[in-house]
Amino acid sequence: MEKTVDISATNKPVQTPAATAPPEVDVEAQSSSTAGVQSIVRKWKRVDLMKKGSLILRGSALIFSLLSFIIMACNKHGGGGNWMDFDTYEEYRYLLAIAILSTLYTAAQVSRQLHQLINGKEVLSQRTADFLDFFGDQILAYLLISAASTAIPRTNQFREGVDNIFTDSSAASISMAFFAFLALALCAMISAYKLSHQSYI
């Protein structure tokens, strides 16, 4: 008995499964998250730049304050009489005292920042450090410019009559104090910016 083949059954078209559509991507959410990450990275870079900048400025202020202190402390030349001794004049004693105070302050600040940079640990809390930077930089900058401004008239008065090693040393000490003032004034601006952009809540 011959078998019959159902041709119509064999010629049925094969149905392929429909292709699934790719999942929709939330472009807006992705772009906002990317912008958020970029904003955080920019903030970290800005904070790191300010930390390094303030460290360099305070290091410069330390060097200038130390030079002002050493030059004035060595400004004793008894060969010309008692008038060539810085200790005779209140203006120069004031400048020497402020130079010593600025040296101590900037040395402490540089040591604190170096400790944080090397060990990654804060010696003080962030809030305390920001307030210390803000008020300390401003006060020392004011004292330095005050001391330099007080000593300038006395030095100019001496130079009208004579120009020697005593007057030159006095002028050099005043110049170093002024440079230290500039460095701390820039530090005060950085400290004010950090304080105004810091949230303590």
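Leaving aside its neighbours within four places in sequence, which residues is N164 in contact with? I looked this up first. N164 is in contact with W83 and M84, where contact means heavy atoms within 4.5 Å.

**Basis of the entries.** I note that this is a predicted model, in which local features need pLDDT of at least 70, side-chain atom pairs count only at pLDDT 80 or more, and totals for chains, interfaces and linings use all residues. Residues are numbered from 1 along each chain as its sequence is written, and side-chain values use heavy atoms, with hydrogens and water left out.

**Entry on N164.** I located N164 in the loop between helix 4 (126–161) and helix 5 (165–196); helices are DSSP runs of H or I with at least four residues, numbered from the N terminus. N164 has a relative accessible area of 18% and is therefore buried (buried is under 20%, exposed over 50%, partly exposed in between, with a 1.4 Å probe and protein chains only). I also found that the side chain of N164 reaches the backbone nitrogen of F166 at 3.1 Å.

**Entry on aromatic rings.** I applied the rule that rings of Phe, Tyr and Trp (its six-membered ring) pair if their centres lie within 6.5 Å, with planes under 30 degrees apart counted as stacked, over 60 as edge-to-face and the rest as tilted. By this rule I record 10 aromatic pairs. The ring centres of F134 and F135 are 5.1 Å apart and their planes stand at 75°, so this pair is edge-to-face. F135 is partly exposed, at a relative accessible area of 45%.

**Entry on the second largest pocket.** A pocket is an open set of points on a 1 Å grid over the protein atoms alone, where a 1.4 Å probe fits, with protein on both sides within 12 Å along at least five of seven lines; lining residues have an atom within 4 Å of a point. I found 16 residues lining the second largest pocket, and K51, Q113, Q116, E122 and K194 lie nearest its centre. Helix 2 (27–73), helix 3 (90–119) and helix 4 each supply at least two residues of this lining. The largest share, 6 residues, comes from helix 2.

**Entry on K52.** I placed K52 in helix 2. K52 counts as partly exposed, at 44% relative accessibility. How far apart are the C-alpha atoms of K52 and Q113? I recorded a separation of 8.9 Å, although the two residues are 61 residues apart along the chain.

How values were computed:
A polar contact is a pair of N or O atoms within 3.5 Å; within protein, one must be able to donate a hydrogen and the other to accept it, and residues adjacent in sequence count only if both atoms are side-chain atoms.
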